[in-house]
Amino acid sequence: MTWKNSVNMPHVALIAQDPTLFVEEISISKKSPIDNFYETTSEINTKCTPGFISSNGSSITSLMLVGLISATENYFREILGEILSICPIAQKKSVEQKIQLGSLLWGDKSVHNKTAFEFLAFSNSKNITDTFNSFIEHVVSQHGAWKSWLNEFDKLCELRHAIVHSDNLIAGKNAIKLNLQRIKKPQRIKIDYANLQNASLVCTSTVQAANNELFEMMVKRWAVSWRQLGCPPEQISDKNLLAIRNLFLSKRDNRNRTITARQSAQDFISHVKADFSL
């Protein structure tokens, strides 16, 4: 025993961790990206009851917030990959973009379009809007709902940064971006049930607004841009239009009758063709 061992209890003998014990293989989801988002966030919201939060404290709710933001980021990665796989305009735009070699070496070919974005961070609105423009040539509408909700999503991302990197303590950059009042004492994040529900609302509305805007963009490309490019008949077929719809369609919302303009497949095709005089 020396003074060198006088500040904390000794560590245990080194145990090499087996990373395979921390992961499991799952089936590739057949759901739309928005339904994958719903599935993850619903599990978080269902388990985080007022009683659960009261019993476990705000440290747990902070981790739940990180989970909500992670699900939102994953939606952006999934929808980008899916659009890239079917849209010739997106393919042309992204052809010179750089990707990490690990995305190609490790993942199965069936998921390359999704893993291509694993090195990109969607943890603030600028990264999100820049990536959608750079890879699929979509400029987020400056006056649309998606842009408005991204401004709120930015606030959650500043909180996430403090949770992940500084043990829930607000750093100067985060405080300034959140317009927090300067005080002498440190500020710590505290997330109660109401705050967590509000954060979930922001993440959900951000995804819903993005899903609507991107769906409208893809239908317009099918109806106008792809024809101007001289795409083959199968690419501008009714079948492909329905494939676009299914990419964005939430079966959960459809089942719950929460879609304001529910339509059959045939009605959808007819209305699109009427709007674009096809």
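Before we start, one cut-off: a residue is buried when its relative accessible area is under 20%, exposed when it is over 50%, and partly exposed in between. Keep in mind that you are working with a predicted model.

**Exercise 1. Decide whether Asp238 is buried, partly exposed or exposed, then find its salt-bridge partner.**

*Solution.* 
Step 1. Asp238 has a relative accessibility of 30%, so it counts as partly exposed.
Step 2. Its side chain meets that of Lys273 in a salt bridge, at 2.9 Å from N to O.
Step 3. Asp238 belongs to helix H11 and Lys273 to helix H13, so this pair ties together parts that are 35 residues apart in sequence.
Step 4. Lys273, with a relative accessible area of 27%, is partly exposed as well.

**Exercise 2. Work out which residues of helix H11 are buried and what they pack against.**

*Solution.* 
Step 1. Helix H11 spans residues 238-248, and its buried residues are Asn240, Leu241, Ile244, Arg245, Leu247 and Phe248.
Step 2. Around the axis they cover an arc of only 155°, which places them on the same side of H11.
Step 3. Their packing partners are helices H1 (33-47), H3 (58-86), H10 (193-228) and H13 (265-275).
Step 4. Look again at Arg245: its charged end sits over the ring of Phe268, 5.2 Å from the ring's centre.

**Exercise 3. Describe how the rings of Phe132 and Trp146 are arranged, and name the cluster they belong to.**

*Solution.* 
Step 1. A pair of aromatic rings is described by the distance of the centres and the angle of the planes.
Step 2. For Phe132 and Trp146 the centres are 5.2 Å apart and the planes are at 90°, an edge-to-face pair.
Step 3. Phe132 lies in helix H7 (residues 125-136) and Trp146 in helix H8, so the pair ties together parts that are 14 residues apart in sequence.
Step 4. Phe132 and Trp146 are both buried.
Step 5. Together with Tyr75, Phe76 and Phe122, they form one aromatic cluster.

Methods. Residues are numbered from 1 along each chain as its sequence is written. This is a predicted model: local features need pLDDT of at least 70, side-chain atom pairs count only at pLDDT 80 or more; totals for chains, interfaces and linings use all residues. Side-chain values use heavy atoms; hydrogens and water are left out. Buried means under 20% relative accessible area, exposed over 50%, partly exposed in between (1.4 Å probe, protein chains only). Helices (H or I, at least four residues) and strands (E, at least two) are DSSP runs, numbered from the N terminus. The arc is that of the directions from the helix axis to the C-beta atoms. Contact means heavy atoms within 4.5 Å. A salt bridge is a side-chain nitrogen of Lys or Arg within 4 Å of a carboxyl oxygen of Asp or Glu. Rings of Phe, Tyr and Trp (its six-membered ring) pair if their centres lie within 6.5 Å; planes under 30 degrees apart count as stacked, over 60 as edge-to-face and the rest as tilted. A charge sits over a ring if NZ of Lys or CZ of Arg is within 6 Å of the ring centre and within 35 degrees of the ring normal.
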